[in-house]
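Here is my note on the model you sent. Please read it alongside the coordinates.

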Amino acid sequence: MPLQGEYVPSPQKWVRDQVELYERTGGREGNTLLDRGLPVVIFSTRGAKSGNVRKQPLMKVEKDGAYLMVGSQGGAPTDPAWVANLRAAPDQVTVQDGPEPWDGVARELDGPEREEWWERAVAAFPDYADYQRKTERRIPIFLVERR
């Protein structure tokens, strides 16, 4: 079941538009990175401060029904806002890969498990390696599994 509460769309127009198209068509449209054709998934999180529902399309990195959220923000010096949301409420996340969203629980990865999933992420979207080189922060990654 999708997260309940007030949905506050992203301030970025392309994110708002992609989420709206994806949800309106049950994932038949808006399901790829706009200029690259690579698959994306819609993740919903609960705002750490506001409590509002936030949605973001992220690259699809999946194995055995578990999905990865990569906090790359294009190699920016700060984490995307949703990272704080997940750290505050890891049990307040939904995943939509197709028509039906499902409830998940996220956990931040570290150690060998992180390295294994990071390799999967870079295989799915090679730009992640460049983003990591661009920033001094360690890009956080979260594994989301069904609740």
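1. Basis. This is a predicted model, in which local features need pLDDT of at least 70 and side-chain atom pairs count only at pLDDT 80 or more, while totals for chains, interfaces and linings use all residues. Residues are numbered from 1 along each chain as its sequence is written, and side-chain values use heavy atoms, with hydrogens and water left out.

2. The largest pocket has a volume of about 810 Å³. A pocket here is an open set of points on a 1 Å grid over the protein atoms alone where a 1.4 Å probe fits, with protein on both sides within 12 Å along at least five of seven lines; lining residues have an atom within 4 Å of a point. The volume is the space filled by probe spheres set on the points, which are joined across faces, edges and corners.

3. Pocket lining. There are 33 lining residues, and Q12, V15, Q56, P80 and W82 lie nearest the centre of the largest pocket. At least two residues each come from α1, β2 (53-59), α2 (81-88) and α4 (127-134); β2 gives the most, with six. Helices (H or I, at least four residues) and strands (E, at least two) are DSSP runs, numbered from the N terminus. By class the lining has 19 nonpolar, eleven polar and three charged residues, where Ala, Val, Leu, Ile, Met, Phe, Trp, Tyr, Cys and Pro count as nonpolar, Asp, Glu, Lys and Arg as charged, and the others, Gly among them, as polar.

4. Helix pair. The axes of α3 (residues 111-124) and α4 come within 7 Å and cross at roughly 115°; axes are lines fitted to C-alpha atoms, for helices over the stretch in contact, and angles run from 0 to 180 degrees between N-to-C directions. R114, W118, A121 and V122 of α3 meet Y128, A129 and Q132 of α4, contact meaning heavy atoms within 4.5 Å. Five of these residues are nonpolar, one is polar and one charged.

5. V8. This residue sits in the segment before α1 (13-24). V8 is partly exposed because its relative accessible area is 23% (buried is under 20%, exposed over 50%, partly exposed in between; 1.4 Å probe, protein chains only). Leaving aside neighbours within four places in sequence, V8 contacts N52, V53 and R54.

6. S10. The segment before α1 also holds S10, which counts as buried because its relative accessibility is 14%. Its side chain reaches the backbone nitrogen of Q12 at 2.9 Å.

Definitions and conventions
A polar contact is a pair of N or O atoms within 3.5 Å; within protein, one must be able to donate a hydrogen and the other to accept it, and residues adjacent in sequence count only if both atoms are side-chain atoms.
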